[in-house]
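Hello,

Here is the structure I promised to pass on to you. Please have a look at it, and then read on for what I found.

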Amino acid sequence: MRLGMVGLGKMGGNMVQRLARGGHQIVVHDRDAEVTARIGAFDGAQPAASLDEIVAKLDAPRVIWVMVPAGGATEQVLQDLAARVQPGDVLIDGGNSNFKDTQRRAADLAGRGIRLVDAGTSGGVWGLENGYCLMVGGDVDAVAVCESAFVTLAPQDGYAHVGPSGAGHFTKMVHNGIEYGMLQAYAEGFEILHKSGMGLDLRRIADLWNHGSVVRSWLLELLERAYAAEGQELERIRGWVADSGEGRWTVETALDLDVPAPVITLSLLARFRSRQEESYGAQVIAALRNQFGGHAIKESAPEGEAPR
């Protein structure tokens, strides 16, 4: 099929390449003209200097995939495209949008005859090689128009139409919430191994557990790669962990639905802790333990001196 792609970052650019390799023709645009020119030079791709040009280069019913950051950027691009496309055209939001925003946008666009498909997309920088897991929501007819692109992007059995508008992003939100918990469990386990004093080879253990163990996973494969690239001490990497927003939304949704989700919730809070140079809460606990039990405290040192 012939479609457009707006947003050519790490995910969007690789998706263009995978689509082109699958025989599709893609008209591409990014706000960075150099990126547009570079991705547009791939076989099967064609650059567009503006949204007007990308719309002009596609025949109706148009399909335009948007891969920009969730929130204001997605809102703006979808509104800008909606002002340019025609009734019957399909816009795909492949970013990590909040499913409530997607439901609102789909209803608004439907009032103008424009169809919105939400494609929760997982695969990261490895998607070009391995394919992308696609969790798609939207009207059946709109999804059908885009299906050949979904099949090309996904590995075998890696694409499903999971429900109505918002269902794709809802499923991806929960997927990422589960990911938070899995990452935290691996992190805690490997920290225990690291501090055991037994001289354990953590890269070897990450590899070992992927052969017959019940905790084997692609994440363990990636951890083995990380140890190979960075060394066992991970000295170059600071323990500062961001959250994309989807972990928060998963916890909020669990509260709304009265679903207990302690593991996902605590993994989200652990990420907040990782961003603190010093935890005031931990200082309070240390001070209280000293007061009620006489437990030793480590004193902060003046700047330039070692802690006591």
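Before anything else, please keep in mind that this is a predicted model.

**R62 and its surroundings**

I began with a polar contact: a polar atom in the side chain of R62 is 3.2 Å from the backbone oxygen of L58. You will find R62 in the loop that runs between α3 (51–56) and β4 (63–66). Is R62 buried or exposed? Its relative accessible area is 11%, and because buried means under 20%, R62 counts as buried. Beyond its neighbours within four places in sequence, R62 makes contact with V55, Q86, D89 and V90.

**The chain as a whole**

Stepping back, the chain contains 13 helices and 8 strands. Its C-alpha trace spans about 75 × 40 × 40 Å along the principal axes. The chain has 308 residues, and 40% of them are buried. Of the contacts with a separation of 6 or more, 62% are between residues 24 or more positions apart. The accessible surface is about 16900 Å², and carbon and sulfur atoms hold 55% of that.

**The nonpolar cores**

The largest nonpolar core is made of 30 residues, and M5, W65, I92, L134 and F150 have the most contacts inside it. Helix α7 (residues 140–153) supplies the largest share of this core, with 6 residues. Another core lies apart from it and has 20 residues, including L51, I64, A82 and L109.

Leaving out neighbours within four places in sequence, its contacts include L3, G4, M5 and V6. I92, L134 and F150 are also among the residues that W65 contacts.

**Y227**

The last stop is Y227, which sits in helix α10 (residues 218–230). Y227 has a relative accessible area of 8%, so it is buried too. Which residues does Y227 touch, not counting those up to four places away in sequence? They are F190, L202, R203, Q232 and L234. With R203, the C-alpha atoms are separated by 5.6 Å, although Y227 and R203 are 24 residues apart along the chain.

Enjoy exploring, and write back with any questions.

Best wishes

Terms used: Residues numbered from 1 in each chain as written. Predicted model: local features only at pLDDT ≥ 70, side-chain atom pairs only at ≥ 80, totals over all residues. Heavy atoms only, no water. Helix = DSSP H or I, 4+ residues; strand = E, 2+ residues; numbered from the N terminus. Buried < 20%, exposed > 50% of the residue type's maximum accessible area, 1.4 Å probe, protein only. Polar contact = N/O pair within 3.5 Å; in protein donor to acceptor, adjacent residues only side chain to side chain. Contact = heavy atoms within 4.5 Å. Areas by Shrake-Rupley, 256 points an atom, 1.4 Å probe, with all protein chains shown as cover. Core = buried A, V, L, I, M, F, W, Y, C linked by side-chain atoms within 4.5 Å.
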